[in-house]
Amino acid sequence: MSDERTLDLLETKIEELRQLNAVEGIDLSKEIAKLEEKLQHLRQKLYANLNDWERVKLARHPKRPYALDYLEMVFEGFYELRGDRVTGDDRALLAGLARLDGRPVVILAQQKGRTTEENKERFFGMPRPQGFRKARRAIELAGRFGFPLISLIDTPGAYPGLEAEEQNVGATIAESLQAMAGVRVPTVAVVIGEGGSGGALAIGLADCVLMLENAIFSVITPEGAASILWKDKDKAKDAAAALQLTADRLLGLGLVDGIVPEPLGGAHKDPIKTASALKDELARRLRELEATPAEERAARRYARYRTIGRFHVAPPSVPETPPEPRM
Amino acid sequence: MSLFKERQYLRIRVDREADDSLWMKCKSCGELVFKRRVRENNNVCPNCGEYFFLTAQERIDSLVDPGSFENLTEPIVTDDPLGFADNQPYTQRLREAQEKTSLLDAIVIGRGTIQSLPVVLGVMDFRFIGGSMGSVMGEHICRAMEAAIAERRAFVLVSSSGGARIQEGMFSLLQMAKTVIVRRRLAEAGLPFISVMTYPTSGGVQASIASLGDILIAEKGALIGFAGRRVIQQTISQDLPEHFQTETFALERGQIDRVVRREELREELALALGFFVGAR
């Protein structure tokens, strides 16, 4: 976003004036206040009415806090558990134990890389079968010991490649879903950035599904939808709007349970504040879930997913046209 | 030249009624064959054995005992919950698919017997927007499993789907979760689920219900996988083997139990189902 650079510039200027103010002893407080007001005004203008495509870009923003950042800020003592016990360890989907306000929880976390080197290791946050098998292992661990399960979702999707298909990535997603469906502990999933299709959903079948304010969750990337349906890669912006993939739209459709607020301009503008909001919401949702008897929790999870879908009984006349010849 | 294309069942006209031409040319072997013989032969070319697409009804007829099928497909249609439109409104695509197939969505479910063994059967129809899974297909798959539980029948699902229906956005993606959570109930009830994978069983369907059968049977000529050849090549430009995602590829890698010819599928299902009669 080029407007974002203007904001950054303004922020730098204000910071410079502040230092000048402090060091030189010149009273610039009026000027600073004026500039800050202008900055706030610009921020409002730029961020208050983001369109869907701008949200997509914000959800993928390279400065956005990633799962490991939240693990640091929200949880204590992340103790990573690695490997699928068969072929390897996926670095795009992490699993482990941690504490939330002192109590043990199991974490599943999708992690993108910051540097080229890191992205090579983490496959740009796209989990492979090794990751989904590891997820299943961690879900079962949570179930055995009654640890609540928390998923942090942030992936463009499962990694598309020969090796992934050879290892039946589709089935590993199905089995992760199956484990999530059946685990008898409270489960909360949070989309912290990009919720990309089956690779995201694999760890997203939960009692409570939250999204950060500028996160997205979609059946396909806007670019993918543009190329398949519009037959035009440049229509990603239109596809983003049509897919209704933003947090507020999905809340409106009743497909997610809550939105964790982000500072104006996105989580990266104030990661600590975002993390603190996330922590409060996680703690509150977990308290609610734990106060619910296990049987009822299972029944609610079942009802939640069993009723997803929008359809109606067709008027009896449709379609009465005779069958056309086969293609 | 793309081998992907070659693996597809050929799309040809096999009309129910006699029309201007009683003969068709098989695109695989080039032979002129009598259309009715093709139809009577499960849409397999009588000359070279090439498989052509089966409609859901033709598939059902090829599997169940004659006269045993009772259609349980309620007349429900999607609400188009997103009001989706690309170059064409979703409602129009739906209408066209409905007119073409005489179906309201891409699946038919019902009860019947296969060599006298009672089953609830779900069969996808690829002609309907690529057999894609949206609200309606997800709902029918769940109702089929619930009928199987209520009537203590086995569940057989014949997949022919490109995956989730993009036009229903997250409602489609979440049908994966919905079918998986109901599949658990079927397992808890101790009822067998046989998943039959045909051309194609891919995307969100392969990554959910289709892969969770107690037994996975692929029809010869099937395509089984999550991400398609084109997606992989566009994303990471990787060279893929010729038989990528074919039934042989899947069998060699331990992804499916068995590969069966179309004309033997009925026999095969009866054989498999027979082991579960009286179990539990």
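Predicted model: local features only at pLDDT ≥ 70, side-chain atom pairs only at ≥ 80, totals over all residues.
In chain B, two domains are assigned, domain 1 covering residues 1–52 and domain 2 covering residues 54–274. Taken over C-alpha atoms, the centres of domain 1 of chain B and domain 2 of chain B are separated by 23 Å.

The largest nonpolar core comprises 172 residues, and those with the most contacts inside it are I107(A) and L177(A) together with F155(B) and V156(B). Helix α6 of chain B, which spans residues 169–188, contributes ten residues, the largest share of this core. In soluble globular proteins, nonpolar side chains tend to be buried together. For L177(A), when neighbours within four places in sequence are left aside, the contacts comprise L201(A), A202(A) and L205(A) as well as M176(B), A177(B), V180(B) and S208(B).

After α10(A) comes K231(A), for which phi is positive, near 55°.

A further position considered is R300(A), which lies in helix α14 of chain A, a helix running through residues 294–306. Because 14 other C-beta atoms lie within 10 Å, R300(A) is classed as partly exposed, a residue being buried at 20 or more such atoms and exposed at 12 or fewer. Although R300(A) and D207(A) are 93 residues apart in sequence, their C-alpha atoms are 7.6 Å apart in space.

Conventions. Residues numbered from 1 in each chain as written. Chains lettered and ligands numbered in written order. Domains from an automatic or database assignment. Core = buried A, V, L, I, M, F, W, Y, C linked by C-beta atoms within 7 Å. Helix = DSSP H or I, 4+ residues; strand = E, 2+ residues; numbered from the N terminus. Contact = placed C-beta atoms within 7 Å.
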